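Subject: Handover of a structure

Dear colleague,

Please find the structure for your reading below. My notes on what was found follow it.

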Amino acid sequence: MRIDRIRLIVQAFCFVFLIYGGILGFSIGNAVPTMACIYAEDRGGACFLYPFQRFMSLPLSTLIGATILPFLIYLGTFFLWGLVFGKAFCGWICPLGFLQDLLTRARQFLGIDGARFRWASRERFQWVKYALLALLILIPMGIGNSLGGLPKLSGDWAVPFCQICPGKPLLPLFSGDTSHLLIDFSSPVKLALTSLLMFLTGVFLIGGFVKRRWFCLYCPMAALLSLFDRIGFVGLKKKGEACTRCGNCYRACPMEIREIADERDRKHMVTQDCILCMRCVEVCPENKALSATLLGFPVFSASAAGFLKRQGCAPPLPIEDFPHDSNSN
Amino acid sequence: MIKRTRYLKGILCCLYIFLIAPLAAADPGYLWLEAGPQMRRMGGGDSEGAMQSGNTNSGMAHGRPVAGPNAPPRPASHARQVSADGHGASDTQSKSPPEKRAAMSHPAHYTLRLGWPAAASASCETLLTAEASILRPDGSAQKLIPHLETPEAVRIRDAALIQGRYVISASFDQTTGDTHYRLFTQATMRNTGEKPQRHPLPDQKDIHTRVPRFLIEDLSPDPGKNFARVHRKYTGDKLPVRLLLSEAPVANQPVTLTTASGWRQTLTTDEKGEATFALIKESFHDNEINKRPVTYFVTSEIRRPAHSRQGPRGEVLRSTLALLVYPSPLDWESRSAGLYALFLAMAAIGVVTAIRRRQRKRPCA
Ligand code: SF4
Ligand code: SF4
């Protein structure tokens, strides 16, 4: 089976688990590094970012005093998840990623062409996810503390990223909850944040239909998970000498990562935008040029035979098995 | 007009404090449980997703909670508490074993109050003799010991570690002249924490049963598992209640809803002992939106002659259900505006994308 299909099945399973798992009493906790929205009522696990922002909004003395233990347990749980699965969360588990993949499939089904990022604009906006990450730490900190002598922010700024994350209105919809599709007029901050949320949700839906996985490029969770690109149990390795720079991997990559084809001298190929979908390994026609690894050991490697098989061709024959020309003797 | 009403309210308050209250001092009024500061910080029994915490005291059933977000440490002077049984101070900060606390849960933390709904009330030392208990979602129940948490507040607490609905009850007896007052109250809260089955049931033999128990039960349906917006009551919601006397429904009994500003509505219970109130909006927001909850009270009173010939001749049973009611978010939220904004954004981006594509596809001149 093609890795794409396997991934879709795993994603569907994870989606059902994360959105409806609570109905059967399953829960994998509230420190899961993926956009499993905490506002989904029947969730089987919830996004790390919500409690993280809540912790950050505590006065510093409380955070490093009375709450240090729960906070460290939280961070530790996140670290373990990240270490074991790393960016595989983005490619295989994330419900918002799954929604984007479904939109892409719907587009393909309708025969509409997708759009690609211009390399220049892609490079230009790389900083956005890190800026969002910094803001989701700094804004909550400004609620419980007076940063740099500035007045404390109002409670309307609480969990700022959740207030603009498209997961908040979209994922609860799957359990019939439409209560997050709204504009809040209670204060200028709320009005701005909820309007921005509705705008971003619109962009998410249309953008997901036009570009593959566009939202992941700006996702602060991806920025956090980048911490595990090198040390994570799941990896992606390249054998430069086997690579012919054919560009197959780049063309298949849902994140349009150029380095995967461009760089031959690099061994670890999990870049900041990689979602460990392993599509590149599948489409690479050169033996062992790319390998998915678990704890450093290859578990799935590119191969010419596999490539041809997936293309619907017969596998290449070994040289000695080539039919000999009877006239040659 | 508004100013005049305020003056009138002030005069009435003064009249109450200086004339009526001293005259009526003999009557203890009603007993109720008011959400403690830790719960109020988190929305009064509604976690708002907040994680938990706080400080500690002799009344808690599970040991010392670890303070959590939104729970600044209490001043050292408050760390020493006077326990209900008169054993003096207990330095719980240093001696209690650390409590295992689920990061997203919060404690049952209530102040016992005595007085008249929407008027004068107090949480005084006499309430240290009140009896209180908690019924947890796993079916376990435990006695809670009231303690003087601050000089003005007698409180009870349970760490409320496990997921689900908690029922907290309290009762207080007082005899004044010829009348024996039996005051009862009950509160419910929901919590998200660990799954119930992980905790063994504690020993339940110390649960008090003061007969007859006269209770007002909140029959609101379970709001689901979403701790981000659990168990809040909003203005405009319905509040179904049931009156129980010694666990039997009380029919044809008047039951009164009193809002924080004193507006009252009295209904009579049906044959099942039930009545349903509409939580009316007290007042509209003035200049700013006010999202703070206020306390509404449901009260009922039964007067009857005393059973025994000795002692007081009459018995008054009173029950209170105090609940936090939030202003309806419909005052400031608009779903239709949200949908319009969403579709507008989608349409705008869709049109821009289509135009750009068409421009790109146009053959060069
Ligand atoms: S598909 Fe394989 S050979 Fe082609 S560029 Fe990518 S890694 Fe190199
Ligand atoms: S580089 Fe490979 S594994 Fe990473 S996102 Fe692209 S195709 Fe998937």
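**A buried residue in a loop**

At 7% relative accessibility, M278(A) counts as buried, because the cut-off for that class is under 20% relative accessible area. Please keep in mind that the model is predicted. M278(A) sits in the loop that runs between helix 14 (259–262) and helix 15 (279–283) of chain A. The residue is not a glycine, yet its phi is positive, at about 70°.

V159(A) is not a glycine either, and its phi is positive, at about 35°. This residue belongs to the loop between helix 8 and helix 9 of chain A. With a relative accessibility of 7%, V159(A) counts as buried.

**Helix 2 of chain A**

How many of the eight residues of helix 2 of chain A are buried? Eight of the eight are, so the helix is largely enclosed by the rest of the structure. They are L49(A), Y50(A), P51(A), F52(A), Q53(A), R54(A), F55(A) and M56(A). The elements of chain A against which these buried residues pack are helix 3 (60–63), helix 4 (68–85), helix 8, helix 9 (160–164) and helix 12 (220–225).

Two packed helices are described by the angle between their axes and the distance between the axes. For helix 2 (residues 49–56) and helix 8 (residues 127–144) of chain A, the axes come within 7 Å and cross at roughly 40°. Helix 2 of chain A and helix 8 of chain A are therefore oblique to each other. From helix 2 of chain A, the residues L49(A), F52(A), Q53(A) and M56(A) take part, and they meet L136(A), I137(A), P140(A) and M141(A) of helix 8 of chain A. The residues of this contact comprise seven nonpolar, one polar and no charged.

**A residue in contact with both chains**

T201(A) is part of helix 11 (residues 188–210) of chain A. Its relative accessible area is 0%, so T201(A) is buried. Apart from neighbours within four places in sequence, T201(A) is in contact with P166(A), P169(A) and L170(A), and also with L342(B).

Chain A contains 16 helices and four strands, whereas chain B contains four helices and 21 strands. Of the 329 residues of chain A, 54% count as buried; of the 365 residues of chain B, 49% do. The C-alpha atoms of chain A fill a box of roughly 90 × 45 × 45 Å along the principal axes.

In chain A, 66% of the contacts between residues at least 6 apart in sequence join residues at least 24 apart. For chain B, residues 24 or more positions apart account for 70% of the contacts with a separation of 6 or more. Chain B has an accessible surface of about 18,300 Å², and 57% of it belongs to carbon and sulfur atoms.

Yours sincerely,

A colleague

Technical notes
Residues numbered from 1 in each chain as written. Chains lettered and ligands numbered in written order. Predicted model: local features only at pLDDT ≥ 70, side-chain atom pairs only at ≥ 80, totals over all residues. Heavy atoms only, no water. Axes fitted to C-alpha atoms, helices over the stretch in contact; angles between N-to-C directions. Helix = DSSP H or I, 4+ residues; strand = E, 2+ residues; numbered from the N terminus. Parallel < 35°, antiparallel > 145°, perpendicular 65-115°, else oblique. Contact = heavy atoms within 4.5 Å. Nonpolar A, V, L, I, M, F, W, Y, C, P; charged D, E, K, R; others polar. Buried < 20%, exposed > 50% of the residue type's maximum accessible area, 1.4 Å probe, protein only. Areas by Shrake-Rupley, 256 points an atom, 1.4 Å probe, with all protein chains shown as cover.
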